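Here is a short briefing for a first look. Keep the sequence and the 3D view side by side as you read.

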Amino acid sequence: MTNYEMVEKLREKASVSYEEAKRALEETNWDLLEAMLLLEKQGVTMQGGQDYSTKAKPKEPVGKDEKETSAFGDAMRQIWCWIRKAVVVGNTNSLVMERHGKEILSFPVTVLVVLLIPFFWAVIIALVAGLFLGLRYSFRGPNLGTNKVNDAMGKAADAAENLKDEFYSRKEKAEDAENTKEEHDA
């Protein structure tokens, strides 16, 4: 159980404010039962004639609307937690652009994701064009900066470089053939 969950549980059971519950838990080294006893000794628990026990209370029947609201709230909390985790991962990992072995630009992956949402095709076209202009992309960070991911990015850059070289060599061959033909005709 996280510290936040412990504070919420104590706050709910003892009918105290968040600050009082947190203070009591900190004073008792995050021991929930000791914190409850401390609050009782201080006389701040059992407001409104409530009682508490270490035994689990039987659940009261919940109406249909309350179940739906609770399920929706739980789903929204899970989505929010996922978004927060994704932003943390995005901010601790960076996309790095290099050209001729020199770092040109580095920015958090979160920025890339935010740009992809409204400008998906523009960002993809810009990244592919960058490959043909000699840019190499890699990720740096604890989650995305693995060899496997960066090797795949390197292979994409190598493929673009090979395609560009093949295009120019074919163009040169065509020009040479045309020059040879002109010399032969002359």
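To how many Å² does the accessible surface of the chain come? The accessible surface comes to about 14,300 Å², and 58% of that surface belongs to carbon and sulfur atoms. Accessible areas are computed by the Shrake-Rupley method with a 1.4 Å probe, and for residues only the protein chains shown count as cover.

This is a predicted model, in which local features need pLDDT of at least 70, side-chain atom pairs count only at pLDDT 80 or more, and totals for chains, interfaces and linings use all residues. Residues are numbered from 1 along each chain as its sequence is written, and side-chain values use heavy atoms, with hydrogens and water left out.

**The chain overall**

- The chain has six helices and three strands. Helices (H or I, at least four residues) and strands (E, at least two) are DSSP runs, numbered from the N terminus.
- From the N terminus on, the order of elements is α-α-α-α-β-β-α-β-α.
- Of the 186 residues in the chain, 18% are buried. Buried means under 20% relative accessible area, exposed means over 50%, and partly exposed lies in between (1.4 Å probe, protein chains only).
- Take the contacts in the chain with a separation of 6 or more: residues 24 or more positions apart account for 41% of them. A contact means heavy atoms within 4.5 Å.

**Helix α3 and its ends**

- Helix α3 spans 32–42. Its buried residues are Ala35, Met36 and Leu39.
- Seen down the axis of α3, these buried residues fall within an arc of 100°, so they line one face of the helix. The arc is that of the directions from the helix axis to the C-beta atoms.
- The buried residues of α3 pack against α1 and α2.
- Asp31 caps the N-terminal end of α3. One of its side-chain oxygens lies 3.1 Å from the backbone nitrogen of Leu33.
- Just after α3 comes Gly43, with a positive phi of about 75°.

**Two loop residues with positive phi**

- Most residues other than glycine have a negative phi.
- Ser15 is not a glycine, yet has a positive phi of about 55°. Ser15 lies in the loop between α1 (3–14) and α2 (18–27).
- Asn29 is not a glycine either, and its phi is positive at about 60°. Asn29 is found in the loop between α2 and α3.
- Is each one buried or exposed? Ser15 counts as buried because its relative accessibility is 17%. Asn29 counts as exposed because its relative accessibility is 66%.

Conventions. Polar contact = N/O pair within 3.5 Å; in protein donor to acceptor, adjacent residues only side chain to side chain.
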